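Subject: Handover of a structure for your review

Dear colleague,

Please find the structure below, passed on to you for study. My notes on it follow, and I would ask you to read them with the structure open.

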Amino acid sequence: MNVKAHLQKAERNKEFLLGHLMKILDKCPDWATIVAFYSALHFVEAFLKKNHGLDFKGHEERHIFMSQHLREVFSAYYRLYDLGFESRYKSIKDAPSYDEAKSAVRHDLDDVEKFVMSRI
Amino acid sequence: MMLEIERLSDPFQKFSRDLVASNMQVIKKGMNHPFIVFTERAKSFCSIWTERFSWLMKTEEALRSFKKRIDKIEETRGVFHNLREARDRTSSGYISDILVVIPDSNRKVEYQIYDAFGEVLRTSRPLLFDLHLIKLKGRKLEEVTPKGFWRYE
């Protein structure tokens, strides 16, 4: 995907998150973190494509690069990745709570988006 | 012949450099055996052994440094580790999966752990690592640690 396509995906995910999931966050904090992560992923992918011409085949490879070149938002992005992982693969007991999902969207996703959009 | 790292059940810290050196000496002696077939096999095994061990030692160094930083974060309750085969993605042939256990969600603590992990990634290329946090939420350690992971002390 090119930069524009990544940004469209990031925005589309964010709109669905803010327009629908956040209104029923108490019912689906896990799904909110999944969509928040995929929005952040596409913001980051757009940044990597535009500024470095890179595509990564796996999360682990992307994380190595981010730890060096997106240090300012590495923790915010990784928290979204981790919460999204918990939601997708772990038990309901392990799923993110309402507060975790809320802070992930309000702080982590917001930080990643601001970082990317100010440098793209 | 493949070295099946996923079957290694002991913690890395049991593999000291001295032990590796001693094993290499034994294999080198074996390579002087007069039978050609044995020598070729020994050479092949030696090459795999040496190649993997250098990665394993690098992994151990990275884990040790990560653990040192994690130990400074009071809220953590343990670090667990496992290896996952990934032959076509990295020269080492495996990804190190790391779990850090904390009592419950705490964004500040989580950021400290992710920050320590970022340091590992920056300093241990081209090794691949994957970190996930586990929140106890009132459960015991034994209840939350997935099969195949061992505690990194």
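In which sense do strand β1 and strand β2 of chain B pair, and over how many bridges? The two strands, residues 78-85 and residues 94-102, pair in the antiparallel sense, and eight bridges join them. One of the residues involved is B:Leu83, whose bridge partner in β2(B) is B:Ser96. Please bear in mind throughout that this is a predicted model.

**The sheet of chain B**

As background, strands of a sheet pair through backbone hydrogen bonds, either parallel or antiparallel. In chain B, four strands form an open sheet with mixed pairing, in the order β3-β2-β1-β4. At its edges stand β3 (128-135) and β4 (150-151) of chain B; each has a single partner strand, so one side of each is left without a neighbour in the sheet.

Chain B as a whole has four helices and four strands, which run α-α-β-β-α-β-α-β from the N terminus on. Of its 153 residues, 24% are buried. Among contacts in chain B between residues at least 6 apart in sequence, those joining residues at least 24 apart make up 71%.

Two places in the loops of chain B deserve a look. The loop between β3 and α4 (141-144) holds B:Lys137. Although B:Lys137 is not a glycine, its phi is positive, at about 45°. B:Lys137 has 13 other C-beta atoms within 10 Å and is therefore partly exposed.

**Where the two chains meet**

Two packed helices are described by the angle between their axes and the distance between the axes. For α3(A) and helix α3 of chain B (residues 107-123), the angle is about 100° and the axes are 8 Å apart. This makes α3(A) roughly perpendicular to α3(B). From α3(A), the contact is made by A:His63, A:Ile64, A:Ser67 and A:Gln68, and from α3(B) by B:Gly118, B:Leu121 and B:Arg122. Four of these residues are polar, two are nonpolar and one is charged.

**The nonpolar core and a buried lysine**

In soluble globular proteins, nonpolar side chains tend to be buried together. The largest nonpolar core here has 58 residues, and those with the most contacts inside it are A:Ala36, A:Ala40, A:Val44, A:Tyr77, A:Leu80 and A:Val112. Helix α2 of chain A (residues 29-52) gives the largest share of this core, 13 residues. Leaving aside neighbours within four places in sequence, A:Val44 is in contact with A:Met66, A:Leu70, A:Tyr77, A:Val112 and A:Val116.

Is A:Lys14 buried or exposed? With 21 other C-beta atoms within 10 Å, A:Lys14 is buried. This lysine is found in helix α1 of chain A (residues 3-19). Between A:Lys14 and A:Asp30 there are 15 Å in space, C-alpha to C-alpha, and the two are 16 residues apart in sequence.

Methods. Residues are numbered from 1 along each chain as its sequence is written. Chains are lettered from A and ligands numbered from 1 in the order in which they are written. This is a predicted model: local features need pLDDT of at least 70, side-chain atom pairs count only at pLDDT 80 or more; totals for chains, interfaces and linings use all residues. Two strands pair if DSSP finds at least two bridges between them. Axes are lines fitted to C-alpha atoms, for helices over the stretch in contact, and angles run from 0 to 180 degrees between N-to-C directions. Angles under 35 degrees count as roughly parallel, over 145 as roughly antiparallel, 65 to 115 as roughly perpendicular and the rest as oblique. Two residues are in contact if their C-beta atoms, placed from the backbone, lie within 7 Å. Ala, Val, Leu, Ile, Met, Phe, Trp, Tyr, Cys and Pro count as nonpolar, Asp, Glu, Lys and Arg as charged, and the others, Gly among them, as polar. A nonpolar core is a set of buried Ala, Val, Leu, Ile, Met, Phe, Trp, Tyr and Cys residues joined through C-beta atoms within 7 Å. A residue is buried if 20 or more other C-beta atoms lie within 10 Å of its own, exposed if 12 or fewer, and partly exposed in between; C-beta atoms are placed from the backbone.
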